[in-house]
Amino acid sequence: MKIVIINGQNHKGTTEHIARMLAEKVGGEIKEFFLPRDFGEFCVGCTNCFMKSEEKCPHYNGLKNITDAMLEADLIILASPVYVFHTTGAMKSFLDHYGYMWMVHRPKEEMFKKQAVCISTAAGMGMKSTNKDMSHSLFFWGVPIRYKIGLAVFGTRYSNISDKVKLRIDKKTTAIANKIRKRENKVKVTIPTRAFFFGMHLLQRKGFNETDRNYWKNKGWTGSKRPWK
């Protein structure tokens, strides 16, 4: 299994440790990126990705390695510590660059065959809203199977976490790793994903813009074809 981990911070803290632990339990080829070290640009709102092509984004080349890794992966892990009850600014800026890949615009077929995990940790609270930030993008990219791990670890370093919390982390990551392995090469598109795609299929018969409309037409998605078939 090919796995890509995208960390919403540069340092290898608790969140990164848990993401790596999960990936190693799943097993396979692991690629890991750190934000903003591996990509730290802000979306400038030029709308080139929507109206022309994602290749017209001024940061396209800087993102390409991560984009290619995500498209090639069987499992995407997005990991972010809680920053003021939400994901880190680096993770948010990273996800902002993929608005063109949402189902309302030009989704990629590869995304409909993947599994993904959102991981967030905090000293106390905010994991739910942080995971929601990341899960939104995964859903609208078309990723049908998404898991969430949100843990209050009561510490900023993994070495400082209590044995009780470490045991909880071990049990949670083992359970999700087992589910991921069971679904390897057997990912089915869920009803919510199908329903949202169908709504976009109707919308794209007219389309928001010519670029999106032509993309859907060329894929055959305004007809009977679907990206998961």
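**Note on charges and cysteines in a predicted model**

1. Lys108 has a relative accessible area of 16% and is therefore buried, a word that here means under 20% relative accessible area, whereas exposed means over 50% and partly exposed lies in between (1.4 Å probe, protein chains only). The structure is a predicted model, in which local features need pLDDT of at least 70 and side-chain atom pairs count only at pLDDT 80 or more, while totals for chains, interfaces and linings use all residues. Residues are numbered from 1 along each chain as its sequence is written, and side-chain values use heavy atoms, with hydrogens and water left out.

2. Side chains of opposite charge can pair when their charged atoms come close. With a salt bridge taken as a side-chain nitrogen of Lys or Arg within 4 Å of a carboxyl oxygen of Asp or Glu, the whole structure contains eleven salt bridges. In one of them, Lys108 pairs with Glu54, and their closest N and O atoms are 3.1 Å apart. This pair links distant parts of the chain, 54 residues apart, since Lys108 is in the loop between helix 4 (89–96) and strand 4 (115–122) and Glu54 is in the loop between helix 2 (48–51) and helix 3 (60–72). Helices (H or I, at least four residues) and strands (E, at least two) are DSSP runs, numbered from the N terminus. Glu54 counts as buried because its relative accessibility is 14%.

3. Asp212 forms a salt bridge with Arg106, the closest N and O atoms being 2.9 Å apart. Here again distant parts of the chain are linked, with Asp212 in helix 8 (residues 210–219) and Arg106 in the loop between helix 4 and strand 4, 106 residues apart. Both Asp212 and Arg106 are buried, and salt bridges that share partners join Glu54, Arg106, Lys108 and Asp212 into one network.

4. Asp96 and Lys92 form a salt bridge whose closest N and O atoms are 2.6 Å apart. These two residues are four residues apart in helix 4, so about one helical turn separates them. Asp96 is partly exposed, with a relative accessible area of 35%, and Lys92 is partly exposed at 45%.

5. How many disulfides does a search of the whole structure find? The search finds zero, where a disulfide is a pair of cysteine sulfur atoms within 2.5 Å. For Cys43, the nearest cysteine sulfur is that of Cys49, 6.5 Å away; for Cys57, it is that of Cys46, 6.0 Å away. Cys43 counts as partly exposed because its relative accessibility is 42%, whereas Cys57, at 17%, is buried.
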